[in-house]
Each structure stands twice: as C-alpha cells, then as structure tokens.
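Student: Could we go through this model together? I would like to start with the strands and then turn to the helices.

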Amino acid sequence: MLDERTPVVAGQPLCALDLDDVIVNGQLLPSAAVLVDELNTYAEVSVSGGGLHLLAASTVAPGARRGKVNDLSVELITTGFLAITGVRWPETPPEIALRRAELAQLRRDLDPGSPPPCFRPAARPVADVLSALLGQRNGTKVRRLLIDGDTSGYPSPSEAVFAAARLIAWRTRDAGVIEVLLRESPLYTSRWERPVAAGRTWITHTVYRALSADRKGVHQ
C-alpha cells in the first residue's frame, strides 16, 4: 500500500508511475523506453503483462495525477493499493531511487499551466535568493532544511518548516519567493495544502506568520 505519510527513501514516500499498454511483443514502446531511461529506477511488468510500473521516492505536489505524457497513458499513484509483481523489467535498477525533480516535472506535464498557489508570483529569481541564503553565515542551517530536508533538532516537522520560512524571510520579504523555496524543498508534503485560516492554506499561513514574526535571533 502506498502512503504519502510513510518515508521509504531519504525521508521521501513511495510513488508509482503506472504506464498502460506499453509492452508490445515483449518490447517497450519507444516513448515508454525514454521515460524508463529518464527515471532510472526500479520498474516491473504489471499484472496484465502489457503495462509497466515504475517505483520511485518523492513527495508529489497536488494536482492532476492521470493523463497523457508523450502519447502515453500515465497515472501517478501516491496513495492506495498497487499490485506488485516483482517481475523486474530488464536492465532497470533493482532498487527504488529518489527522483524528486523528475517526478515534479512529470506532475507538471500531467497538469500544465497549474503552478503551486502562492501569495503572488515571485518577483526575484528564486535561485538567486537560495544562493544568497546558502552563502550567509547560517548557510549550513539553510542547507540542512531546504536541501537535505533534515528536521532533526526541531520539535516537529511543522516547526522546522516555520524555521525555514523565517530564515528565508530574513533574506527576502517576497512571500512568493519564500513559498516557492519551501515548496521546492524536500520538506514539502501534501498536508501543506489544507485550509487553516482566512482563506489561506497551511503553507501560505506559515509564510504569513514568518513575515510577521520578530526577526530577532533568526540570523544565527
């Protein structure tokens, strides 16, 4: 059973990419072969014998999970039951790989034109802000949270996210930048999307709190 709350690789949950009718006469369709090469993770023949499951680890943003990618019928499964056959596709890795960037792009391909909701679009290039954050004297703390997703030392994951938001808010007051940096980090979970107050989701409210908080003691 797949569960977005259960980490399996590097603190990330298991995802399954279900490709229908991609094995013909024992061969993968070319477009499916490209996807298998790009993900480079454990892949197995489905129960039907004509489909393929690719298993990888990542937290996936909310949005469309089923559709067409390169003319393939694709479903991205993050919760529920999946029949595992153990019939590994030849020349694919025997282990489940961490594939955050690849699955994030796939999710965007399934739901084009639907960026994550923010207070407003980021006014500054996000990469520039992240680079500046990593270069400041508490850059190690920033790296632990935003790059490694390490929440050790915090009372809860929520407190770690709030701490990360405050660290970013020290560098920029652009709510869009703060939210994008948080969403692109390994800290992200789908629980961030739940509504909490004043029409805000949990993550937008957390950014609001970070921007409203006293800045004393953050830059350490």
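Student: How many bridges join strand E7 to strand E8, and do they run parallel or antiparallel?

Tutor: Strand E7 (residues 66-69) and strand E8 (residues 72-77) run antiparallel and are joined by four bridges. Two strands pair if DSSP finds at least two bridges between them. Helices (H or I, at least four residues) and strands (E, at least two) are DSSP runs, numbered from the N terminus. Please note that this is a predicted model, in which local features need pLDDT of at least 70 and side-chain atom pairs count only at pLDDT 80 or more, while totals for chains, interfaces and linings use all residues. Residues are numbered from 1 along each chain as its sequence is written, and side-chain values use heavy atoms, with hydrogens and water left out.

Student: Which residue is the bridge partner of arginine 66 in E8?

Tutor: Arginine 66 has glutamate 75 as its bridge partner in E8. E7 and E8 form a hairpin with two residues between them. In the turn, asparagine 70 has a positive phi of about 55°.

Student: Where is aspartate 21 placed, and what is its phi?

Tutor: Aspartate 21 is in the loop between strand E2 (12-19) and strand E3 (23-24). Its phi is near 55°, a positive value in a residue other than glycine. Most residues other than glycine have a negative phi.

Student: Is aspartate 21 buried or exposed?

Tutor: Aspartate 21 counts as exposed, because its relative accessibility is 63%. Buried means under 20% relative accessible area, exposed over 50%, and partly exposed in between (1.4 Å probe, protein chains only).

Student: And what about asparagine 40?

Tutor: Asparagine 40 is not a glycine, yet it has a positive phi of about 45°. Asparagine 40 is in the loop between helix H1 (30-39) and strand E5 (43-45), and at 41% relative accessibility it counts as partly exposed.

Student: Now the helices. Which residues of H3 are buried?

Tutor: In helix H3 (residues 126-135), the buried residues are Val126, Val129 and Leu133. They lie on the same side of H3, because they cover an arc of only 65° around the axis; the arc is that of the directions from the helix axis to the C-beta atoms. The face of H3 turned away from this buried side carries the exposed residues Ala127 and Gly135.

Student: What do the buried residues of H3 pack against?

Tutor: They pack against helix H4 (139-147), helix H5 (157-171) and helix H6 (175-183). Contact means heavy atoms within 4.5 Å.

Student: At what angle do H3 and H5 pack?

Tutor: The angle is about 100°, with the axes of H3 and H5 10 Å apart. H3 and H5 are therefore roughly perpendicular to each other. The contact is made by Val129, Ala132 and Leu133 of H3 and Leu167, Ile168 and Arg171 of H5. Axes are lines fitted to C-alpha atoms, for helices over the stretch in contact, and angles run from 0 to 180 degrees between N-to-C directions. Angles under 35 degrees count as roughly parallel, over 145 as roughly antiparallel, 65 to 115 as roughly perpendicular and the rest as oblique.

Student: How many residues of H6 are buried?

Tutor: Nine of the nine residues of H6 are buried, so H6 is largely enclosed by the rest of the structure. These buried residues pack against H3, H4, H5 and H7.
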